[in-house]
Structures are given as C-alpha cells and as structure tokens.
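Look at the sequence and the model together.

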Amino acid sequence: MILKKLLAFTASALLFTGLFAQEIRVGLLNGPSCVPAAYMMENTKSIKNVKVSYTKYADPQALLPKLLKNEADIGFLPPNVAAKVYNSTNGAVIMCAVTGNGNLSLITKDSSVQSLEDLKGKTVYVAGHGATPDYILKYLLKEKGISINTPDGVTLDFSIPSANLAAMLLSGKIEYAVVPEPFTTIAQQKDSSVIAIDLQKTEYEVLNKENYPLTVMVVRKDFAEENKAQLNAFLKEYEKACKWTVKNPAKAGELCQKNELGLPATVVEKAIPKSNYVYEPAKKNKDKIEKLLKLFLQDDPSSIGGKLPDEKFYY
C-alpha cells in the first residue's frame with residue numbers, strides 16, 4: 001500500500017531537478033543489506049570534495065519515499081522493488097550495482113531433511129511473501145517437480161515475520177523455515193543442532209551456474225546525470241568497502257555495531273562468509289538481473305511494474 005501511494009506521485013515531482021551536488025545523501029537499511037557501508041561510514045566522509053552523509057532506515061518502505069522526494073540520492077532496494085519504481089516513475093531511479101547475492105537457507109532441526117525433496121508433505125515457513133525468497137523457493141520447487149500447497153507437495157506459509165522465524169524454529173513452534181542471512185547464523189549460534197541447507201549452492205547454482213541478486217544499489221537518475229564523476233567515485237569506494245568487508249569480517253562486525261546498523265558484531269562476523277556481499281556493476285550483470293526479474297514477472301507482473309525494465313535502467 002505504501003509503495004502504491006508513492007508511485008502515484010506526478011512525474012514532475014519525481015524528476016526534481018537540481019544543481020550539482022553539494023552533498024551525497026546515502027540511504028542505508030538497518031540490518032544485513034548494508035554491512036559493507038559500515039566501512040564507508042567510518043572512512044568515506046567526502047567524495048571529490050563533496051560531503052557524504054549516511055542516514056539509516058528501518059526497511060525499503062521507509063527509504064523509498066526519500067529517494068522519490070529528492071531527499072536521498074543513493075539507496076539500497078530489493079531488485080524487484082527497484083524495477084517497479086523505475087517502470088512506474090518514468091525512470092526516476094536507476095540501478096547502479098548488485099551489492100548482495102542470494103544467501104537463503106532452509107533451516108531445521110529435522111536431521112532427516114537433506115534436500116528440498118525431503119520436504120514433501122511438510123509446511124515450510126518463508127521469509128517475505130511476494131519477496132525474493134518467496135519467488136526463489138517456488139522456482140526451485142517447480143524445477144524439481146514438487147507441487148506447492150497440495151497434500152503430497154510442500155505447503156508454504158508466510159504468516160510469521162522474517163525476524164521471528166529463527167526464534168519460532170528454535171522454540172519448536174515450527175519445524176522448517178527458509179531465511180536469508182543473518183537469520184541462519186543467529187539460529188545456529190543459539191542451537192548447534194540447527195541444520196542449514198544452502199539453497200544457492202545446492203539448488204539455484206546447480207540449475208543456473210550463477211547466483212541471483214538479493215540487494216541492489218540504486219541512484220536517482222537526475223543525480224546520476226548531473227554528478228557522474230562523484231557517483232563513479234562513490235561506486236569505486238563502495239566496491240573497495242565490499243572487498244574489505246569480505247576479507248575482514250571481525251573488524252566489519254565491530255564497525256557495524258559501532259555505527260548502530262542493527263546487528264551485533266559477533267553475528268556480523270559469523271554471517272559475512274555466507275552473506276555473499278559483492279559489487280557487480282548493473283550493466284555488466286543485466287542478464288543475471290533479468291533472469292530473477294522474469295521469475296517475478298511470470299508469477300505476478302505487478303511485482304516489477306508490469307514489464308522488464310529497458311536498457312536505461314542499468315547504469
């Protein structure tokens with residue numbers, strides 16, 4: 001509902017023109033999506049003599065209006081949300097890069113479950129109805145010929161908020177859940193009997209020979225056009241931050257906790273090796289991004305704005 005209201009803005013309001021940037025305003029999401037940004041918060045206060053400011057938001061729904069109202073320049077969104085905004089606003093927001101690849105796991109304490117085939121006849125609780133975990137799991141089940149929401153297939157349940165799934169599984173109230181990092185790490189830290197099946201390595205990558213995007217960086221189109229040098233310099237710094245984060249999980253955890261990005265240092269440290277933080281330029285990864293967006297398009301065209309974005313979506 002919030003997204004629909006935001007997309008009702010007029011084109012003139014969305015395409016707010018401005019002079020060259022006096023500040024680069026970065027919108028970050030509390031939690032795992034923006035862990036590499038902790039390094040930048042500590043070390044990148046300016047780009048080409050332009051101040052960089054960082055503001056934290058609880059979720060994409062809180063960040064998105066800031067981008068659309070010209071109150072933030074750069075942000076992070078799920079790929080389908082980025083595509084929907086682009087298609088619904090005459091291209092007001094474009095994609096810079098993939099910053100996080102898929103990191104979903106099936107978690108359970110049932111040692112008899114070793115693959116998706118073992119879930120037949122069972123109920124699996126999934127993080128986020130209409131979000132990437134939903135579409136990826138449905139895709140994997142269909143590819144294996146496993147029916148969905150039938151007595152001899154797998155029943156999907158989206159009734160539990162993502163943040164509560166690990167706790168519900170640990171308490172025994174549910175038996176099977178599909179969650180992204182860091183929830184897998186949190187569950188295994190609290191109970192060593194929790195089994196985690198990496199759905200990327202064991203399932204998606206077997207079929208596609210590559211991972212899929214889970215988080216992308218976006219920028220206001222006007223900002224990109226008017227401040228290309230500053231944007232390119234920022235992107236280079238983010239790529240550097242991402243590489244540093246992957247190589248230094250303990251230090252990255254400390255920075256996340258220090259900058260109050262919503263996760264304790266110990267969880268970040270343990271989750272980073274499984275979180276698939278990357279920096280992959282959007283244009284060079286168009287085929288991979290479209291492969292994911294087609295899953296959304298086939299199931300619910302409105303989830304990406306009714307069509308695949310055109311070439312101008314990819315910075």
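The model is predicted: local features need pLDDT of at least 70, side-chain atom pairs count only at pLDDT 80 or more, and totals for chains, interfaces and linings use all residues. Residues are numbered from 1 along each chain as its sequence is written, and side-chain values use heavy atoms, with hydrogens and water left out.

Helix α12 covers residues 249-258; helices are DSSP runs (H or I, at least four residues), numbered from the N terminus. A252, G253, L255 and C256 in this helix are buried, where buried means under 20% relative accessible area, exposed over 50%, and partly exposed in between (1.4 Å probe, protein chains only). These residues lie on the same side of α12 because they cover an arc of only 165° around the axis, taken from the directions from the helix axis to the C-beta atoms. The exposed residues E254 and K258 are on the face turned away from the buried side. The buried residues pack against α3 (37-43), α11 (228-247) and α13 (265-275), with contact meaning heavy atoms within 4.5 Å.

The structure holds 7 aromatic pairs. Rings of Phe, Tyr and Trp (its six-membered ring) pair if their centres lie within 6.5 Å; planes under 30 degrees apart count as stacked, over 60 as edge-to-face and the rest as tilted. Y39 and W244 are a tilted pair, because their centres are 4.7 Å apart and their planes are at 35°. Y39 lies in α3 and W244 in α11, so the pair ties together parts 205 residues apart in sequence.

Technical notes
Helix = DSSP H or I, 4+ residues; strand = E, 2+ residues; numbered from the N terminus.
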